[in-house]
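Student: I'd like to learn how to read helix packing and a nonpolar core from a model. Could you walk me through it?

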Amino acid sequence: MQRLNPENFSLIEDFINSYAEARGGRSPRISEIGEGLGLSKSTVSKYLNIMKANGTIDFEGHRSLVTKQMLKMIRMVI
């Protein structure tokens, strides 16, 4: 099994936040994250599953990624 790069967790979270901010709250697809960061879809999926288990993000499906920063922004609007 390949070792995980701790930096990728931050890169993925930052990518999701930037993408959502630029697109009115819409989250990226796994393939878009992979393309944007130069990672395979399977690698991105592996990191997302770990991030979900750790409570860093929440997601169910392709475009339902939500980070803690996104939740804060949603709460500020409400």
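Predicted model: local features only at pLDDT ≥ 70, side-chain atom pairs only at ≥ 80, totals over all residues.

Student: At what angle do H1 and H2 pack?

Tutor: Two packed helices are described by the angle between their axes and the distance between the axes. Here helices are DSSP runs (H or I, at least four residues), numbered from the N terminus. Axes are lines fitted to C-alpha atoms over the stretch in contact, with angles from 0 to 180 degrees between N-to-C directions. For H1 and H2 the angle is about 115°, and the axes are 10 Å apart. The pair is therefore roughly perpendicular (65 to 115 degrees).

Student: Which residues of H1 and H2 meet?

Tutor: Contact means heavy atoms within 4.5 Å. Leu11, Ile12, Phe15, Ile16 and Tyr19 of H1 meet Glu32, Ile33, Gly36 and Leu37 of H2.

Student: Which residues have the most contacts inside the largest nonpolar core?

Tutor: In soluble globular proteins, nonpolar side chains tend to be buried together. A nonpolar core joins buried (under 20% relative accessible area) Ala, Val, Leu, Ile, Met, Phe, Trp, Tyr and Cys residues through side-chain atoms within 4.5 Å. The largest one has 15 residues, and Ile12, Ile16, Ile33, Leu48, Ile57 and Leu65 have the most contacts inside it. H1 gives the largest share, five residues.

How values were computed
Residues numbered from 1 in each chain as written. Heavy atoms only, no water. Buried < 20%, exposed > 50% of the residue type's maximum accessible area, 1.4 Å probe, protein only. Helix = DSSP H or I, 4+ residues; strand = E, 2+ residues; numbered from the N terminus. Parallel < 35°, antiparallel > 145°, perpendicular 65-115°, else oblique.
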